[in-house]
Amino acid sequence: MILYINCCPRSCSRTARLAQALLGKPGNYEEINPEKEGLLPLNEERLKYRTELISKGDYSDDIFRYAKQFAEADTIVIAAPFWDLSFPAELKTYIENIYVTGIVSRYSQDGKPEGLCRAKTLYYVTTAGGIYDGRYSFEYIKDLAENYFGVDEAVLIKAEMLDIEGNDPERILAESMEHCAAINTKYISLSERFMDTPDIRNARQLGGYRGDGGRKVRNGLLFRTARLDKISDETAKKLSEKYSIKYVIDFRFGYERELYPDPEIPGAENINISLFELDMNDPKNIEMMKKVTAAGSDEMQKLIEYAKTGQLSDLYSDILKSGQSHKGFAQFFRILLDNKDGAVLCHCTHGKDRTGVAAALVLYALGVDEDIIMQDFLLTNEVYRNNIAYLQGELKKRGCDDSVINEAQAMAGVKGEYLTAAFEAVKTEYGSIQDYIKNQLGVSDEEITKLRDMYLE
């Protein structure tokens, strides 16, 4: 959910126009206007009442609904014009109402704040008639977001010098709005990005990201998911009729396909592409298998032994450098190039590692920026958030050291630094990702152009 906090008092607000360019079409977000909501500053009576509820751990009262909405948002957009070196008072009133210990933040035993909010990014949108000075507005919000609420990044979007004589305010605003339109695909269609298939995990499309020449990846043509063996007849029909799936690419190992075979999707062709197999002549793999096998039927212990080997950090490099993967990815790109009508869905078991690397390569080929590719890759952690937390808890119970506990994210989700390291290794060995796609996967410059014409608009 994208939460839009509209703190623009004027009905014809330039700040609201700028925010709207970032938000995109109506329906993609939930909007709250503190003034229209009738939010009031906390007085002695309301503060006492709220404090009593918090002390009891009772967060069921309606007084906490704004804090809960804020904490549960995937992305937050605040629109607030530059007023009196700061922002309109209604934004401060809103912050008073949502800053609830136990919902948006908590304090550790040593008194340090720990954020509890879900959002990864907060966008602060503002306009100024003169030079914008964010010391008492954006910098304050940024500090709250990153140091108290747990938001990873606060981003400033501004249009300034709008009322300076000789300037063209509409041109300045238009340039800033164009910038907003260029970045909104990083997050704005999150609800549209995920497929309406509750019995398929990590199911989402690659459409909407900006690629070569500013063109967007076409919606509804490229999908990535976890395994499909548990889908209902209704979902199979939806994949066929709503999503027009023509090819289902299965990156799993042979034994995985035997255990959990893909279903038949009406009108779709199932294609198996195993990307790599463990090299059992490699001493490190021999040693790893010995340790994992020694764990017997204890699945958690098997994960622990695997994490102790340190090989998780090399997984993506192994995938990208494997000769079998070169053949597999080449076949995958050939299917994308030969696709005449319909969509392509690729998957593995959890839709995170093999599928994540494959999706990243496709986005690279389409000219999508690396930071957006990484954002798409890391969306997996939103899907498997509870799995990661559970695994971390189980590893702690077993007395594992931090080096093993820290690998829980890579085992149950993904680690961005591992993908970054793998692609840096590819660049070092092959020159660039595009050179890798061209020379190792056999996709020519002409075919890259064709691919972009097919999948970008």
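**Exercise 1. Work out which parts of the chain the salt bridge between Arg17 and Glu170 links.**

Step 1: the side chains of Arg17 and Glu170 form a salt bridge, with N and O 3.0 Å apart; the term stands for a side-chain nitrogen of Lys or Arg within 4 Å of a carboxyl oxygen of Asp or Glu.
Step 2: Arg17 sits in helix α1 (residues 14-23) and Glu170 in helix α7 (residues 169-183), so distant parts of the chain, 153 residues apart, are linked. Helices here are DSSP runs (H or I, at least four residues), numbered from the N terminus.

A word on the source: this is a predicted model, where local features need pLDDT of at least 70 and side-chain atom pairs count only at pLDDT 80 or more, while totals for chains, interfaces and linings use all residues. Residues are numbered from 1 along each chain as its sequence is written, and side-chain values use heavy atoms, leaving out hydrogens and water.

**Exercise 2. Find how exposed Arg17 and Glu170 are.**

Step 1: recall the scale of relative accessible area: buried is under 20%, exposed over 50%, partly exposed in between (1.4 Å probe, protein chains only).
Step 2: Arg17 has 35%, so Arg17 is partly exposed.
Step 3: Glu170 has 44% and is partly exposed too.

**Exercise 3. Describe the salt bridge of Glu370 and Lys427.**

Step 1: their closest N and O atoms are 2.6 Å apart.
Step 2: Glu370 belongs to helix α16 (residues 370-383) and Lys427 to helix α20 (residues 416-430), so the pair ties together parts 57 residues apart in sequence.
Step 3: Glu370, at 40%, is partly exposed, and so is Lys427, at 22%.

How values were computed:
Helices (H or I, at least four residues) and strands (E, at least two) are DSSP runs, numbered from the N terminus.
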